Amino acid sequence: MTFPPNVRQGTLAVAGTKITYYDSGAPGTATGPAVVLLHGTGGSAYNNFWALFPMLAMRHRVIAFDFVDPEDPAQVAETAHYTAQATAVIEHLSPDEPVNLVGYSFGAVIAAALGAERADLVENLVLVAGWARTDIQQRLRNDIWQSLRLDRHPALPGFMVLTAYSDAYLAARTETELAEIVSRTASGPDRLSKMLFNRAVDISEQIPRISSPTLVIGCAQDQMVPVRHARMLFGGIPDARYAEVGSGHAVVHERPAELFTLIDAFVKDPAKTRAGAVLSTGHA
């Protein structure tokens, strides 16, 4: 599945790699810089932003693209492998204006690294369920994932769903709905390259160099990237505000409307909330 036909799809070559991007075009009224969405580890532009993309596109030009991993799935990519792809898309589609850069999960790591390196490309920055340095709890979950994948264990998709969603969200699903979520997870993009990358993330020295106004969004029931990581990002970025959503890591599926409300309000008027502010949130 992909975005509706009115969303323009194109390709861009980056160091011999073909990147597929999606561009909503500008809506009928002036809205400021484009919003660029960077997807997470197991996702794609559509998989992660099927709900958030069209909501934001009602008020903003929205751009998303599918990250491409190294050709060897067991190769651990450098951060620059992915920031180069984001840079190329931004420079190609918004050559004269910096963007509102929104990263989710793995995409938040890349967005933060790019924000630190290329402030000229980033008007405002939003980091959703992100982290700066992988810790021992994350490595333990990553090791279990690697082991289940190596053994082709049938429990792997269920394990991924269990750790991605909040207990309240899962408890509210029927058996049929839960089976569909597990099935979609099992058939999703291969995660090996990004999981290897995630195991070794450490951009902690870059975080204080982020100068763009930033909104950090943590997920209170996150087991994949526990909320302490979002709070540490908030504390380490000079011009940051913080919001916490009552969700598991899969907030793009659990609470897309709440994400939309937070992102839309922030990028329209980042100065409305001072650096260091903690925003009140509620279910949208």
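A pocket is an open set of points on a 1 Å grid over the protein atoms alone, where a 1.4 Å probe fits, with protein on both sides within 12 Å along at least five of seven lines; lining residues have an atom within 4 Å of a point. Volume is the space filled by probe spheres set on the points, which are joined across faces, edges and corners. The model is predicted: local features need pLDDT of at least 70, side-chain atom pairs count only at pLDDT 80 or more, and totals for linings use all residues. Residues are numbered from 1 along each chain, and side-chain values use heavy atoms, without hydrogens and water.

The second largest pocket holds about 320 Å³. Its lining has 15 residues, with W145, R149, L156, A186 and D190 nearest the centre. The largest share, 4 residues, is from α5.

The largest pocket has a volume of about 960 Å³. Closest to its centre, among 42 lining residues, are G42, N47, N48, R191 and H253.

Helices α6 (residues 156-164) and α8 (residues 175-186) pack at about 110 degrees, with axes 9 Å apart. Axes are lines fitted to C-alpha atoms over the stretch in contact, and angles run from 0 to 180 degrees between N-to-C directions. The two helices, α6 and α8, are therefore roughly perpendicular (65 to 115 degrees). In α6, P157, G158, M160 and V161 meet L178, I181, V182, T185 and A186 of α8 (heavy atoms within 4.5 Å).

Notes. Parallel < 35°, antiparallel > 145°, perpendicular 65-115°, else oblique.
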